[in-house]
Amino acid sequence: MSGVRAQQKQKTRQALIEAAFNQLSADHSFSNLSLREVAREAGIAPTSFYRHFKDMNELGLTMVDEAGLTLRQLMRQARRRIASGGSVITTSIVTFMEFIDNSSNQFRLLLRERSGTSKAFRAAVAREIKHFILELAHYLESETPCDATHAYIQAEAMVTLVFNAGAEALDIEGQQREELVERLIWQLRYIARGATMYVRDNNHS
């Protein structure tokens, strides 16, 4: 019986997270959410919220963790696609844009709280972005001539560009989106080529 209760509790906790994500939009940030609204959408009484989260801040921090994890899992899938013969940069960008289309509110949360008023939220988003950079850096170190230091610098530059492009992509579609993706692919190619050439030139000097 305790196993069933634990399962139900986890299900309700996830319903609260999804309800909060559903209420985010271009005009509705996390700070605009109310506990009552989130609980209602999740189908529970507001008082029951506290069985799952200490307060709205704890819910928000859990949402940041979930958004970061979703993005990292998608990019791992992209690297598996690449392993079967896809272009590294193009496949990664297509996957990232799929994340923005399918999980736009998760990305909005990461973007907004990255420079929001809460220090705890800023730190949580910075930690998620750092995880993302580190995973990419490890990949670059194993697949390119770059050592750990240069792989990290390259990964950091790439992630910064991708996040900035992602923010722009939220509000455009059609040809504008295609042009943005094309520019981003070229920008990342310049970084990758420059890093490779720099490492080779220095190894030969």
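This is a predicted model: local features need pLDDT of at least 70, side-chain atom pairs count only at pLDDT 80 or more; totals for chains, interfaces and linings use all residues.
1. Helix α3 covers residues 56–83, a run of 28 residues, and reaches 41 Å from its first C-alpha to its last, which is close to the 40 Å expected at 1.5 Å a residue. At its N-terminal end the helix is capped by D55, with a side-chain oxygen of D55 placed 3.2 Å from the backbone nitrogen of N57. Just after the helix, G85 takes a positive phi of about 115°.

2. Seven salt bridges are counted in the model. As to accessibility, R72 is buried because its relative accessible area, 11%, falls under the 20% cut-off, whereas E135, at 21% relative accessibility, counts as partly exposed.

3. E135 also forms a salt bridge with R79, and here the closest N and O atoms are 3.1 Å apart. R79 counts as buried at 18% relative accessibility. A reader checking these assignments may wish to note that the cut-off for buried is under 20%, with R79 at 18% and E135 at 21%.

4. Salt bridges that share partners join R72, R76, R79, E128 and E135 into one network.

5. A further salt bridge is formed by R177 and D101, with the closest N and O atoms 3.0 Å apart. R177 lies in helix α8 (residues 174–204) and D101 in helix α4 (residues 88–102), so the pair ties together parts of the chain that are 76 residues apart in sequence. Within this pair R177 is buried, with a relative accessible area of 14%, while D101, at 48%, is partly exposed.

6. The UniProt record, an unreviewed entry, places a transmembrane region at residues 82–100. In the model, the end C-alpha atoms of residues 82–100 lie 20 Å apart, and the span is 79% helix and 0% strand. For orientation, helix α3 ends at residue 83, G85 with its positive phi comes just after that helix, and helix α4 covers residues 88–102.

How values were computed: Residues are numbered from 1 along each chain as its sequence is written. Side-chain values use heavy atoms; hydrogens and water are left out. UniProt positions are given in the numbering used here, feature names are shortened, and annotations may be inferred rather than shown by experiment. Helices (H or I, at least four residues) and strands (E, at least two) are DSSP runs, numbered from the N terminus. The expected span of a helix is 1.5 Å times one less than its number of residues. A polar contact is a pair of N or O atoms within 3.5 Å; within protein, one must be able to donate a hydrogen and the other to accept it, and residues adjacent in sequence count only if both atoms are side-chain atoms. A salt bridge is a side-chain nitrogen of Lys or Arg within 4 Å of a carboxyl oxygen of Asp or Glu. Buried means under 20% relative accessible area, exposed over 50%, partly exposed in between (1.4 Å probe, protein chains only).
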